[in-house]
Amino acid sequence: MLAEVVITLFVIMDPPGTVPIFLGLTGAMTGKQRNRAARQAILVAFGVIVGFALFGQQLLAYMHISLPALQASGGLLLLLVAMELLTGKMEEPEPSGTKGVNVAMVPLGTPLLAGPGAIVATMVFVQRADTVPEWVAIGVGVLVVHLCLWLSMRFANVIHRVLKDSGTILVSRIAGLLLAAIAVQLMADAIRAFVTGG
């Protein structure tokens, strides 16, 4: 089960694919701030995944929220962020983390890393787990994928030094386009699930 958890979450959370988006969101930061943002994003994502693994079903049932609704809201939030990346608004603010929203938490920690796909996948694994070794496998799998995510974002500093500011701006525009596509796909999947009653 460990391999299944690691492969599934790795594909959904996509550590290599987070690098350009991470660079785009943290383009105005110094190297030190970028490292701190990576750490915060991983902690937020890990907290969200673990929280939903333990209490997700009860929370969604209590608030009468369906999984497609969660998916659609994540898609909308990502689309707003994608528009900011595409229009360059992400490069204008004060050094990130001082005012307004901390991008390491939203949208990076959630819903980008700990998004609807990763949350739902983890909840499904938890529902299937019957024995202690299976629970341990899920926990280790989540840890391994988050370690991969952290390493990919830590090496983003090296990529930033190679690309310089102009290259980072180019990457952020590409990341905005990719993020917009991810957001639209999330919303399309949610609409399909609503229509089919899933």
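Pro15, Thr18, Val19 and Phe22 in helix H2 meet Cys148, Leu149, Ser152 and Met153 in helix H7, where contact means heavy atoms within 4.5 Å. By class, this contact of H2 with H7 has 6 nonpolar, 2 polar and no charged residues. Here Ala, Val, Leu, Ile, Met, Phe, Trp, Tyr, Cys and Pro count as nonpolar, Asp, Glu, Lys and Arg as charged, and the others, Gly among them, as polar. The model is predicted: local features need pLDDT of at least 70 and side-chain atom pairs count only at pLDDT 80 or more, while totals for chains, interfaces and linings use all residues. Residues are numbered from 1 along each chain as its sequence is written, and side-chain values use heavy atoms, with hydrogens and water left out.

- Helix H2 covers residues 15-25 and helix H7 residues 132-154; helices (H or I, at least four residues) are DSSP runs numbered from the N terminus.
- The axes of H2 and H7 come within 9 Å and cross at roughly 40 degrees; axes are lines fitted to C-alpha atoms, for helices over the stretch in contact, and angles run from 0 to 180 degrees between N-to-C directions.
- H2 and H7 are therefore oblique to each other, given that angles under 35 degrees count as roughly parallel, over 145 as roughly antiparallel, 65 to 115 as roughly perpendicular and the rest as oblique.
- The crossing of H2 with H7 is right-handed, the near helix being turned clockwise from the far one by less than a right angle.
- With H8, the axis of H2 comes within 6 Å and crosses at roughly 105 degrees, which makes H2 roughly perpendicular to H8.
- On the H2 side, that contact is made by Val19, Pro20, Ile21, Phe22, Leu23 and Gly24; the H8 residues include Ala156, Ile159, His160 and Leu163.
- The contact of H2 with H8 divides into 12 nonpolar, 4 polar and no charged residues.

**Helix H3 with H5**

- Helix H3 (residues 31-62) and helix H5 (residues 104-113) have axes that come within 8 Å and cross at roughly 45 degrees, so H3 is oblique to H5.
- This crossing of H3 and H5 is right-handed.
- Ala37, Gln40, Ala41, Ile42, Val44, Ala45 and Val48 of H3 make the contact with Ala104, Met105, Leu108, Gly109, Thr110 and Leu113 of H5.
- By class, the residues are 10 nonpolar, 3 polar and no charged.

**Salt bridges**

- The structure holds 2 salt bridges, each a side-chain nitrogen of Lys or Arg within 4 Å of a carboxyl oxygen of Asp or Glu.
- Arg128 pairs with Glu4, the closest N and O atoms being 3.1 Å apart.
- This pair links distant parts of the chain, with Arg128 in helix H6 (residues 116-128) and Glu4 in helix H1 (residues 2-13), 124 residues apart.
- Arg128 is partly exposed at 41% relative accessible area, and Glu4 is partly exposed at 35%; buried means under 20%, exposed over 50% and partly exposed in between (1.4 Å probe, protein chains only).
- Asp189 pairs with Arg192, their closest N and O atoms being 2.9 Å apart.
- Asp189 and Arg192 are separated by about one helical turn, because they are 3 residues apart in helix H8.
- Asp189 is partly exposed, with a relative accessible area of 23%.

**Ala183**

- Ala183 lies in helix H8 (residues 156-196) and counts as buried at 0% relative accessibility.
- Not counting residues up to four places away in sequence, Ala183 touches Gly75, Leu78 and Leu79.
- Ala183 and Leu112 are 71 residues apart in sequence and 9.5 Å apart in space, C-alpha to C-alpha.

Terms used: Helices (H or I, at least four residues) and strands (E, at least two) are DSSP runs, numbered from the N terminus.
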